[in-house]
Amino acid sequence: MADHKTIEQRVKEIIVKQLNVNEEQVTPSASFLDDLGADSLDTVELIMAFEEEFREEIKGEIPEADAEKLQTVGQVSDYIKAKAGA
Amino acid sequence: MQTQSTGQQQQDGRGSRPVVREPSRRVVVTGLGAITALGHDAEQFWAALVAGTPGVRRVQRFDPSPFASQVGAEVLDWDAAQHMDPKEARRNDRYTHFGFVAAKQAVADSGLVMDGEDRDRVGVMIGSGIGGMYTYESQLAVLAERGPRRVSPFTIPSLIGNMCSGMVAIEYGVRGPNFGLVSACATGSHAIGEAMHTIQRGDADVMIAGGSEAAITPFAYATFCAMKAMSEHNDEPARASRPFDRARDGFVMGEGAGILVLESLEHAQARGARIYCEVAGYAASCDAFHITQPDPEGRGLLLAMSRAIEKAGLAPSDIDYINAHGTSTPYNDKFETLAIKKLFGAHAQQLAVSSTKSMTGHLLGAAGGIESVISVKTIQTGTIAPTINLDEPDLPDCDLDYVPHTARAKTVRAVLSNNLGFGGQNAALVFKAV
């Protein structure tokens, strides 16, 4: 039923699973490194998980330069929506 | 530093130079942790061992049908996330799970409270013979199937054999001597021996030491089967590991971890700790003979055993029990018996020898860890765990008292524990009642 979920919901679910955090912590402004306990290795793995989940929307991979800018939950959702709409 | 020699010249493989005993601090065992196919803590494990319980079954984690050996002593009903932070569990290999959780059990058992300790003087030495085999294998599959960009950034931290020691240090914030150590199937014994030395020479007051292994994987089975090293008694798994028996045909893989908390005697006494026994002697040696086959004369092992006993300030006749390497391979059990007979002479027929690998399987780098736990429990309880499945001793090569089938009550003052690894490395430890 993944098709019926919003991009925000799908992003949140990945973060909850990968970082083992509570759903309530995953607010749009939450920073992976500062608020959600991630380290640099976690962020690499998160980007890989987003690429897998949003293969259709992103139509490829997230370039390194883009990945570096994705530091909060909201930035990821916005990025994917922009790619999907493009 | 003043040194004194208590060794004696020997021409039969005990070495041409005498052993040197340095005046040094005594080291005692104050905590035990164990995770094996026979139980998820040291007490369960020991109870199952003295009951003569076989831990070997048909392998469940993967379909073993294509493999020549289809049996193993797996840790079942195990969810690492129940015992450690789920995020840390996900980021680490199964071998680290076992070692980390067993280390926590050992520290809890010792009653040590790290808040009251000088954390610069607490170290960790947990070895693994192979390291993160699951991680290695699963990520190689990712590379082959999905390409390099999908390989996990946690691959290297998970698979390196020193990560378990690092994880335990992070857990307790202890900054003392810390590394992994590798000598194949002798790893756990070397780790405990080197940790003992670390305390003796004054580099730490407390060491968390032992071995951890999780190599029941398809790749590991394929590779060990290719060597014809593993038992093919697939129709009777519980009877596949049969050290010293005429029908033995190879080792059976086990998995898990065995960890000890070691302390200087003064440190343990100062905090009023319960002291199980002393780690009194340790020696390491090499066969310098063949990559995998033990020396048919048992010279390397003889050297390790004799030096460990001398380092402990004992004579061979003081040893009451040997926890043998006893892998259930045709060569090991024959040559180990020969080495014991050469060193102990007439006393070889008086002492008890058993191979607990008949129940636990062979935990490779963790063998020395769990067998050290067994050695300590033997002294504590006055019970010797048996060699199960020893229906017909392989005479005349295997003719010692191997404590067949059932445990035996006996006052044990000193235990010798042997482990040998591919590469020809040998380690012997002597545990002594205090």
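Which side chains meet in a salt bridge at 2.8 Å, N to O, between chain B and chain A? In this predicted model, the pair consists of Arg150(B) and Glu51(A). Side chains of opposite charge can pair when their charged atoms come close.

The interface that holds this pair buries about 1200 Å² between chain B and chain A, with 40% of that area on carbon and sulfur atoms. On the side of chain B, the residues that lose the most area to chain A are Lys87(B), Arg149(B) and Arg150(B), which together account for 46% of what that side buries. The contact draws 16 residues from chain A and 13 residues from chain B. Nine salt bridges are found across the interface, as are eleven residue pairs in polar contact. Helix 2 of chain B supplies four residues, the largest share of the side of chain B that touches chain A.

In chain A, helix 1 spans residues 7-19 and reaches 18 Å from its first C-alpha to its last, close to the 18 Å expected for its 13 residues. Its buried residues are Ile7(A), Arg10(A), Val11(A), Ile14(A), Ile15(A), Gln18(A) and Leu19(A). An α-helix has 3.6 residues a turn, so residues three or four places apart point the same way. The cover over the buried residues of helix 1 includes helix 2 (40-53), helix 3 (55-58) and helix 5 (73-85) of chain A, together with helix 2 (86-91) of chain B. Helix 1 is followed by Asn20(A), which has a positive phi near 55°.

Two buried residues illustrate the surroundings found within chain B. Ser158(B) is located in helix 5 (residues 155-159) of chain B and is buried, at 4% relative accessibility. Its side chain reaches the backbone oxygen of Arg91(B) at 2.9 Å. Beyond residues up to four places away in sequence, Ser158(B) touches Arg91(B), Asn92(B), Asp93(B), Tyr95(B), Gly132(B) and Thr135(B). Phe344(B), in helix 11 (residues 330-344) of chain B, is likewise buried, with a relative accessible area of 6%. Apart from neighbours within four places in sequence, Phe344(B) is in contact with residues including Met305(B), Ile309(B), Pro316(B) and Leu416(B).

Over all chains, the whole structure contains 43 salt bridges. One of them joins Asp120(B) to Arg175(B), with the closest N and O atoms 2.8 Å apart; the pair links distant parts of the chain, 55 residues apart. Asp120(B) is partly exposed, at 43% relative accessibility, whereas Arg175(B) is exposed, at 59%. Arg246(B) and Asp394(B) form a further salt bridge, their closest N and O atoms being 3.7 Å apart. Arg246(B) lies in the loop between helix 8 and strand 8 of chain B and Asp394(B) in the loop between strand 12 and strand 13, so the pair ties together parts that are 148 residues apart in sequence. Arg246(B) is partly exposed, with a relative accessible area of 43%, while Asp394(B) is buried, with 14%. Lys342(B), in helix 11 of chain B, forms a salt bridge with Glu297(B), the closest N and O atoms being 3.3 Å apart. Lys342(B) is partly exposed, at 32% relative accessible area, and Glu297(B) is partly exposed, at 38%.

Key:
Residues numbered from 1 in each chain as written. Chains lettered and ligands numbered in written order. Predicted model: local features only at pLDDT ≥ 70, side-chain atom pairs only at ≥ 80, totals over all residues. Heavy atoms only, no water. Expected span 1.5 Å × (residues − 1). Buried < 20%, exposed > 50% of the residue type's maximum accessible area, 1.4 Å probe, protein only. Contact = heavy atoms within 4.5 Å. Buried area = accessible area lost by both parts, 1.4 Å probe. Salt bridge = Lys/Arg side-chain N within 4 Å of Asp/Glu carboxyl O. Polar contact = N/O pair within 3.5 Å; in protein donor to acceptor, adjacent residues only side chain to side chain.
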